[in-house]
Amino acid sequence: MTVIDETAIREDRLLTEPRARGIARILISEQELDGEIAAIAAELDAEYRDDQPLMIGVLTGAVVFMSNLMTAMTIPVQIDFMAISSYGAATRSSGVVRILKDLNEEIEGRRVIVVEDIVDSGLTLQYLLEMLKARQPKDIRVVALLKKDKPDAIDVQVDRVGFQIPDEFVIGYGLDYAGQYRNLPYVAVLDPSVYR
Ligand code: PRP
């Protein structure tokens with residue numbers, strides 16, 4: 001895991017692109033993302049070399065990380081996706097989420113890798129893991145690209161974190177603000193003037 005220092009000076013060359021309008025600064029560069037993802041892929045290659053794991057991506061934010069992670073791996077994998085959504089702020093705090101799209105695959109007896117873009121409060125992952133464990137997979141490993149440094153977050157299973165980041169609103173590399181910014185090739189911090 002790489003700990004991101006929020007005071008670090010980042011590449012700002014790309015901030016003039018149309019897709020980068022409203023961004024305050026780059027938090028994690030493409031090079032840093034590539035390096036960490038290569039390391040995670042190598043670890044997963046070693047862990048699952050005798051198996052064919054099922055990678056489960058949590059839509060929508062995880063698509064960029066999941067795509068780059070699986071193509072960096074050299075063992076055969078299968079993939080599937082789940083889409084879940086909270087009912088709103090009140091139910092989110094209680095951890096109740098709604099399944100918008102369930103898995104296509106059965107996971108009983110299988111080795112499963114859950115791929116998340118970010119763990120914030122931990123509620124989404126907590127609910128998801130409870131649901132998946134009830135289906136009796138052989139084992140579950142959780143890989144999250146980002147984890148916020150948040151003392152009050154739920155202590156939920158995360159086996160591998162790419163980057164621990166400050167508790168800021170981050171976008172890019174799959175993460176959105178109001179549906180925008182998912183196609184940025186880096187993780188960035190949004191200028192507060194955009195959402196205030
Ligand atoms: C984000 C992210 C995680 C979740 C993390 O999803 O992809 O699934 O929030 O937050 P938590 O730890 O506080 O539960 P979001 O609901 O924003 O949907 P999206 O992936 O479609 O953007």
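Student: Let's start with glycine 172. Is that residue buried or exposed?
Tutor: Glycine 172 counts as buried, because its relative accessibility is 0%. Keep in mind that we're looking at a predicted model.

Student: Okay, and where does glycine 172 lie?
Tutor: You'll find glycine 172 in the loop between β9 and β10.

Student: Which residues does it touch, leaving out those up to four places away in sequence?
Tutor: Glycine 172 touches Tyr181, Arg182, Leu184, Tyr186 and Val187. There's also a distance to asparagine 183 you can check: the two C-alpha atoms are 6.2 Å apart in space, while the residues are 11 apart in sequence.

Student: You mentioned β9 and β10. How many bridges join them?
Tutor: Two bridges join β9, residues 170-171, to β10, and the strands run antiparallel. In that pairing, isoleucine 171 stands opposite alanine 188 of β10.

Student: And what about β2 and β10, how many bridges there?
Tutor: Four bridges, again in the antiparallel sense, between β2 (residues 23-28) and β10 (residues 187-190). Look at alanine 188 in β10 again: isoleucine 26 stands opposite that residue.

Student: So what's the strand order in that sheet?
Tutor: The order is β2-β10-β9, in an open sheet of three strands with antiparallel pairing.

Student: Which strands stand at the edges?
Tutor: β2 and β9 do. Each has a single partner strand, so one side of each is left without a neighbour in the sheet.

Student: Let me zoom out. How many helices and strands are in the chain?
Tutor: The chain has five helices and 10 strands.

Student: And what share of the residues is buried?
Tutor: Buried residues make up 45% of the 196 in the chain. As for the accessible surface, the chain has about 9700 Å², and 47% of that belongs to carbon and sulfur atoms.

Student: New topic, the ligand. How many residues surround it?
Tutor: 15 residues surround the ligand, and the closest are Glu116, Asp117, Ser121, Gly122 and Thr124.

Student: Which element gives the largest share of that shell?
Tutor: That's β6, with four residues. β6 (111-119) and α4 (123-133) each supply at least two residues of the shell.

Student: Which side chains have polar atoms by the ligand's oxygens?
Tutor: For threonine 124, a polar side-chain atom lies 2.4 Å from an oxygen atom of the ligand. In aspartate 117, an N or O atom of the side chain is 2.6 Å from a ligand oxygen. With aspartate 176, the distance from a polar side-chain atom to an oxygen atom of the ligand is 3.2 Å.

Student: And how much of the ligand's accessible area does the protein cover?
Tutor: The protein covers 79% of it, out of the 500 Å² that the ligand has on its own.

Student: Now aspartate 80. Where is its place?
Tutor: Aspartate 80 is in strand β4, residues 78-86.

Student: Why does aspartate 80 count as buried?
Tutor: Because its relative accessible area is 3%, and the cut-off for buried is under 20%.

Student: What does its side chain have 2.8 Å away?
Tutor: The backbone nitrogen of glutamate 105 lies 2.8 Å from a polar atom of the aspartate 80 side chain. Glu105 is also one of the residues that aspartate 80 touches, and others include Leu54, Met66, Lys101 and Asn104.

Student: Last one: where does valine 77 lie?
Tutor: Valine 77 lies in the loop between α2 (63-72) and β4. With a relative accessible area of 23%, valine 77 is partly exposed.

Student: Which residues does valine 77 touch, again skipping those up to four places away in sequence?
Tutor: Gln52, Pro53, Met55 and Met70.

Conventions:
Residues numbered from 1 in each chain as written. Predicted model: local features only at pLDDT ≥ 70, side-chain atom pairs only at ≥ 80, totals over all residues. Heavy atoms only, no water. Pairing = 2+ DSSP bridges. Buried < 20%, exposed > 50% of the residue type's maximum accessible area, 1.4 Å probe, protein only. Contact = heavy atoms within 4.5 Å. Areas by Shrake-Rupley, 256 points an atom, 1.4 Å probe, with all protein chains shown as cover. Near = heavy atom within 4 Å. Polar contact = N/O pair within 3.5 Å; in protein donor to acceptor, adjacent residues only side chain to side chain.
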